[in-house]
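This briefing is for a reader who is new to the structure shown below.

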Amino acid sequence: MIYKGIIFAIAYVLLAPFVGGFLEGVDRKISARMQRRVGPPVLQPFYDVRKLLNKQTISVMTAQTFLLMTYMVLMILTGFMFFYGTDILMCFFVMSTGATFLYFASVVTSSPYSSIGAQRELIQMMAYEPAVLLSCVGFYLAAGTFQVAEIAGGDHLSYFLQLPGFFVAFVFILTIKMRKSPFDISTSHHAHQELIKGVTTEMGSKNLAIFQITEWYENVFLMGVVGLFFVNSNVYSVIVAIVAILLVYFLEILIDNSSARMKWADMLKLSWVVTLFSAGVNLIILMVIR
């Protein structure tokens, strides 16, 4: 079991950037088709990152590179721990710590535009953290453990059947975590959304490439959590999990291309209402049953 976890963890470290970059390429292609455009090649994200890495390094503050590298290392550590099968609560704690370093990387430049984006990033953290914590609690109540390996390897029915409210809350905050419209208030992936790029305003060349690669790691980790709602000891559950992940990812693309940006206050209220209603009701039902 330990060797299996090591293989999964190493596979995440080595393959997650390629999987994440490919998913972003598919995202761009589907988004273009939804907007009746041809769109860029699926491999365009890799071309963009390669171009950024080949550019001369220009940084407003030298500390920004260190902070972004720390952000990336912590995000890699998050996924490594998750796919190794350790405590899911600790995984999310490390992820949140990494997001804090992204905030520091934005405000360290003293740019007003970057600082505003950083403040909005903190607001987004306030919006999605309750759903993240409740999801961990839901897994614990359903599986009796926080260990990812034990959650995924148990002989049980899909956790989706036991935790539908937690699943809805987590999928909802995915839109915030992946910075997709209507919750792309800290930065946007679409050029037509804004001229000033929020947290990435003062990031250029290699720093922007580091940010992009880290997002790919993060998205693969988040999709892994989605899959955790469906996997069990049955090998066929992996197929079900992959299908669920693809459907959720497509749903995020659809929401992104059919929604206008929401104000931060509305985002905060809506995310907490959805979290407390869907996950809260599910939590009460679980506690009554137990």
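**Salt bridges**

Arginine 28 and glutamate 24 sit four residues apart in helix α1, so about one helical turn separates them. The model is a predicted one.

- Arginine 28 and glutamate 24 form a salt bridge, with their closest N and O atoms 3.0 Å apart. An α-helix has 3.6 residues a turn, so residues three or four places apart point the same way.
- Arginine 28 is partly exposed because its relative accessible area is 26%, whereas glutamate 24 counts as buried because its relative accessibility is 13%.
- Glu24 and Arg28 also belong to a network of salt bridges that takes in Asp48.
- The whole structure holds eight salt bridges, according to the search. Side chains of opposite charge can pair when their charged atoms come close.
- Aspartate 27 forms a salt bridge with lysine 180, and the closest N and O atoms of this pair are 2.3 Å apart. This pair links distant parts of the chain, 153 residues apart: aspartate 27 belongs to helix α1, and lysine 180 to the loop between α8 (164-177) and α9 (205-228). Aspartate 27 and lysine 180 are both buried.
- Another salt bridge joins arginine 261 to aspartate 184, with the closest N and O atoms 3.5 Å apart. Arginine 261 is in the loop between α10 and α11 and aspartate 184 is in the loop between α8 and α9, so their pairing ties together parts that are 77 residues apart in sequence.
- With a relative accessibility of 29%, arginine 261 counts as partly exposed; aspartate 184, at 1%, counts as buried.

**Aromatic rings**

- The search of the whole structure finds 20 aromatic pairs. One of them is formed by tyrosine 12 and phenylalanine 83, whose ring centres are 5.2 Å apart and whose planes meet at 20°, so the pair is stacked.
- Tyrosine 12 is in helix α1 (residues 2-34) and phenylalanine 83 is in helix α3 (residues 62-84), so this pair ties together parts that are 71 residues apart in sequence.
- Tyrosine 12 is buried, at a relative accessible area of 4%, while phenylalanine 83 counts as partly exposed at 25%.

**Cysteines**

- How many disulfides are there? The count comes to zero.
- The cysteine sulfur closest to that of cysteine 91 is in cysteine 136, at 8.4 Å, which is too far for a bond. A disulfide requires the two sulfur atoms to be within 2.5 Å.
- Cysteine 91 is buried, with a relative accessible area of 0%. Cysteine 136 is likewise buried, with a relative accessible area of 0%.

**Helix α4**

- Helix α4 (residues 88-107) has 20 residues, which at 1.5 Å a residue should span 28 Å; its end C-alpha atoms are 29 Å apart, in agreement.
- At the start of α4, a side-chain oxygen of aspartate 87 comes to within 2.7 Å of the backbone nitrogen of leucine 89.
- Buried residues of α4 include Ile88, Cys91, Phe92, Met95, Leu102 and Tyr103.
- What do the buried residues of α4 pack against? They pack against α3, α5 (112-143), α6 (148-153), α8 and α9.

**Helix α10**

- Among the buried residues of α10 are Ala241, Ala244, Ile245, Val248, Tyr249, Glu252 and Asp256.

**Serine 278 in helix α11**

- Serine 278 is placed in helix α11 (residues 264-289).
- Is serine 278 buried or exposed? Serine 278 counts as buried because its relative accessibility is 12%, and the cut-off for buried is under 20%.
- The side chain of serine 278 reaches the backbone oxygen of valine 274 at 2.6 Å.
- Leaving out residues up to four places away in sequence, serine 278 touches Gly165, Val168 and Ala169.

Note on methods. Residues are numbered from 1 along each chain as its sequence is written. This is a predicted model: local features need pLDDT of at least 70, side-chain atom pairs count only at pLDDT 80 or more; totals for chains, interfaces and linings use all residues. Side-chain values use heavy atoms; hydrogens and water are left out. Buried means under 20% relative accessible area, exposed over 50%, partly exposed in between (1.4 Å probe, protein chains only). Helices (H or I, at least four residues) and strands (E, at least two) are DSSP runs, numbered from the N terminus. A polar contact is a pair of N or O atoms within 3.5 Å; within protein, one must be able to donate a hydrogen and the other to accept it, and residues adjacent in sequence count only if both atoms are side-chain atoms. Contact means heavy atoms within 4.5 Å. Rings of Phe, Tyr and Trp (its six-membered ring) pair if their centres lie within 6.5 Å; planes under 30 degrees apart count as stacked, over 60 as edge-to-face and the rest as tilted. A salt bridge is a side-chain nitrogen of Lys or Arg within 4 Å of a carboxyl oxygen of Asp or Glu. The expected span of a helix is 1.5 Å times one less than its number of residues.
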